[in-house]
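Visitor: Hi! Could you walk me through this one?
Guide: Happy to, here it comes.

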Amino acid sequence: MALYDAFCTTGIQQTLGFSPSLSPSFYRARLSTQTLPFSSRRELRAFQCSSSVIVEELRNDDAGTSLALPEKTDRKVVRLALPSKGRMAEDTINLLKDCQLAVHKPNPRQYIASISSLPGLEVWFQRASDVVRKIRAGDVDLGIVGYDMVCEYGEDDDDLIVVHDALGFGECHLALAIPTSGIFENISSVSELAAMKHWSPERPLRIVTGYTHLGKKFVDKIGLKHVRLLTADGALEAAPAMGTADAILDLVSSGTTLRENSLKEIEGGTVLQSQGVLVASKRSLLLRETALDKTHEILERLEAHLRAKNQFTVTANMRGNSKDEVAERILLNTEFHGLQGPTICPVFSKMNGSVLENYYAIIICVTKHRLYDAVKQLRKIGGSGVLVSPLTYIFDEEPPRWRMLLDKLNQ
């Protein structure tokens, strides 16, 4: 069967957006992860070029079955998508810079950039929602975005893997909020909201949100009946006051915006906690050359920097007769023992023409909020000349999340 006729008879051209005006030899379509029905068993061989799939051949075979689009592509460069606007974009760029992964963007109007320390990787700036969409479509391989975006636009896609789940910025939660007065004045929980007699098929509870996927799952989970989800982007807090909605389902950070618009959260109304995450396509990690290696390096730098955040190195000189004696004094008389234990080194001094070894330098790692406590305890056991310096990286033998990622990939 001719290639064009094969597409027409199976209806794939409608599914993937093929156009009869294109050459029958090559059809471009956005990569889809869905399974496509065939009237008879056909084998689809394809490779990806940029953001498109070029179909080379359909070959007839035996009785009917289903085939998924092929996953291996010829694109060698690995693509990382980042948010293009807003606080999330700024925090992402700053974090990468702190990890010695500075993003070089020659022109602020450009959407493609690079990271000089990661050759073979392209950075693509996208809207937050499109970061997830492009990963699912196969256009990019990795992305940094809020976890709420992964859950909403990922739609439980098994191909999406959260590589790092706590990048330390963009902390918020998705929650249901209702007015503080009127019929909701005495409502303080989801169960009380569900028990209200006001809602019926003719007059449902109207919830305005930009999170329709998560909203539907949440409503089903908590057993709310007679609900209508309304879609909107931005300024959701005004909807109840305008009378266009009864409640909102939106991201909450400090809660100030809710309070200023006479809205309140209720018990049981939190859908999920969110912050910046590193997400990847399982398909890309397994099939795209160098994608897993790039991910490993990015993950290792992120882990090392985030582990060192708010950590300080404390060095003090301490008189003693031996390293063992000084170690015992620290381990038994202080709460601060370092990562695995204190590092103890001899300090050599010259006195009366002789080189003496009667002091030892001890080095420990201390969190910021316990820094002064550590200094006081070291002084109490004879420490002096205390030096404090911030840490930039703490590299493990292997990042814990790397092992977790390999387990997800069955590697």
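Guide: Let's start at the largest pocket: helix 3 gives the largest share of its lining, four residues. Do keep in mind that this is a predicted model.

Visitor: Which elements each supply at least two residues of that lining?
Guide: Helix 3 (86–98), helix 4 (128–137), strand 10 (142–146), helix 5 (147–154) and strand 15 (247–252) each do.

Visitor: And how much space lies in the largest pocket?
Guide: About 920 Å³. The lining has 29 residues, and A128, D148, M149, Y211 and L251 are the closest to the centre of the pocket.

Visitor: Switching topic, how many aromatic pairs does the structure hold?
Guide: Two. In one of them, F184 and W199 have ring centres 6.1 Å apart and planes at 20 degrees, so that pair counts as stacked.

Visitor: Are those two residues buried or exposed?
Guide: Both F184 and W199 are buried.

Visitor: Nice. Where do F184 and W199 lie?
Guide: F184 is in the loop between strand 12 (172–179) and helix 6 (190–195), while W199 is in the loop between helix 6 and strand 13 (205–209), so the pair ties together parts 15 residues apart in sequence.

Visitor: What sits over the ring of F125?
Guide: The charged end of K105, at 4.2 Å from the ring centre.

Visitor: What about the accessible surface?
Guide: For the protein chain that comes to about 21,600 Å², with 49% belonging to carbon and sulfur atoms.

Methods:
Residues are numbered from 1 along each chain as its sequence is written. This is a predicted model: local features need pLDDT of at least 70, side-chain atom pairs count only at pLDDT 80 or more; totals for chains, interfaces and linings use all residues. Side-chain values use heavy atoms; hydrogens and water are left out. Accessible areas come from the Shrake-Rupley method with a 1.4 Å probe; for residues, only the protein chains shown count as cover. Rings of Phe, Tyr and Trp (its six-membered ring) pair if their centres lie within 6.5 Å; planes under 30 degrees apart count as stacked, over 60 as edge-to-face and the rest as tilted. Buried means under 20% relative accessible area, exposed over 50%, partly exposed in between (1.4 Å probe, protein chains only). A charge sits over a ring if NZ of Lys or CZ of Arg is within 6 Å of the ring centre and within 35 degrees of the ring normal. On a 1 Å grid over the protein atoms alone, a cavity is a set of points where a 1.4 Å probe fits but cannot get out, and a pocket is an open set with protein on both sides within 12 Å along at least five of seven lines; lining residues have an atom within 4 Å of a point. Grid points are joined across faces, edges and corners, and a volume is the space filled by probe spheres set on the points.
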